[in-house]
Every structure is written in C-alpha cells, then in structure tokens.
Amino acid sequence: NFLSLMYYVCSVIFLCKIRKSVREKYAIPEHKNCPSGVEDFCCAAACSCCAVAQLARHTADYDTYRGVCCSETGLPSHVPAIV
C-alpha cells in the first residue's frame, strides 16, 4: 500500500539523517570503502531496529544508567549528557 511505502521511505530518510548527525558529533568514521551516506542508508533500509539500537549504544551509557521511557534523552534526568 502507498502509505506503508511512504512511511518506510520517510523512516529511512530520517534515520539516515540522524545517523549522519551522530556520526559527525562523535567523530565516528564511515566505512572507508563506501561512498558518503551509503553505509547509513544500508543500515537504515536493511534493519532500522538494529540501526536505532546502535545509535542508543553510542549516545548513552546503559551499563551505568538504566533506560527510561518518555524522557527527553531516554535516560533518567540526573544523568549527565555525553559530549
């Protein structure tokens, strides 16, 4: 159905942009054999759940702090931001 396809396309685009932003903020290099953005697109298109989980691991210390639903960062409010 057309709406499902549009949802999938938008999800992949947004996830690619988020991965690029996180990659730039934390200086995470892309695979050297891939053209710019291809690795992000492949991860987002092939397994978005895995890509989101990877982003979570890179942006929070879940070994020290537990995850919290419905918070701005996904962590308790007393947790310092990783910069």
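Cysteine 70 is found in the segment after H3, where helices (H or I, at least four residues) and strands (E, at least two) are DSSP runs, numbered from the N terminus. The model is predicted, so local features need pLDDT of at least 70 and side-chain atom pairs count only at pLDDT 80 or more, while totals for chains, interfaces and linings use all residues. Residues are numbered from 1 along each chain as its sequence is written, and side-chain values use heavy atoms, with hydrogens and water left out.

The chain holds three helices and zero strands, and its elements run α-α-α from the N terminus on. Along its principal axes, the C-alpha trace spans about 40 × 35 × 15 Å. Of the 83 residues, 18% count as buried; buried means under 20% relative accessible area, exposed over 50%, and partly exposed in between (1.4 Å probe, protein chains only). The chain exposes about 6,500 Å², and carbon and sulfur atoms supply 64% of that area. Such accessible areas come from the Shrake-Rupley method with a 1.4 Å probe, and for residues only the protein chains shown count as cover. Among contacts with a separation of 6 or more, 40% are between residues 24 or more positions apart, a contact being heavy atoms within 4.5 Å.

Which residues make up the largest nonpolar core? This core has seven residues: Val12, Leu15, Cys16, Val22, Ala44, Ala51 and Leu55. By definition, a nonpolar core is a set of buried Ala, Val, Leu, Ile, Met, Phe, Trp, Tyr and Cys residues joined through side-chain atoms within 4.5 Å. H1 and helix H3 (48-59) are the elements that give two or more residues to this core, and H1 gives the most, with four residues.

The charged side chains come next. A search of the whole structure finds two salt bridges, each defined as a side-chain nitrogen of Lys or Arg within 4 Å of a carboxyl oxygen of Asp or Glu. In one of them, arginine 19 pairs with aspartate 40, and the closest N and O atoms are 3.0 Å apart. This pair links distant parts of the chain, since arginine 19 is in helix H1 and aspartate 40 is in helix H2 (residues 38-46), 21 residues apart. Arginine 23 also meets aspartate 40 in a salt bridge, at 2.5 Å from N to O. Arginine 23 lies in helix H1 and aspartate 40 in helix H2, so this pair ties together parts that are 17 residues apart in sequence. Leaving aside neighbours within four places in sequence, arginine 23 is in contact with Ile28, Pro29, Glu30, Glu39 and Asp40.

On the surface, Leu5, Tyr8, Val9, Ile13, Phe14 and Ile18 form a nonpolar patch with about 560 Å² of accessible area together. Patches are made of residues with over 30% relative accessible area and no salt bridge, with like charges joined within 9 Å and nonpolar side chains (Val, Leu, Ile, Met, Phe, Trp, Tyr) within 5 Å. Valine 9, one of the patch residues, sits in helix H1 (residues 2-25) and is partly exposed, with a relative accessible area of 34%.

The cysteines complete the picture. A disulfide is a covalent bond between the sulfur atoms of two cysteines. How many disulfides does a search of the whole structure find? The search finds zero, the cut-off being a pair of cysteine sulfur atoms within 2.5 Å. The sulfur of cysteine 42 is 6.6 Å from the closest cysteine sulfur, in cysteine 34, which is too far for a bond; cysteine 42 is partly exposed at 42% relative accessible area. For cysteine 70, the closest cysteine sulfur is in cysteine 69, 3.4 Å away and too far for a bond. Cysteine 70 counts as exposed at 78% relative accessibility.

Lastly, the backbone. Most residues other than glycine have a negative phi. Cysteine 70, although not a glycine, has a positive phi of about 65°. Alanine 27, also not a glycine, has a positive phi of about 55°. Alanine 27 is placed in the loop between H1 and H2 and is exposed, with a relative accessible area of 64%.
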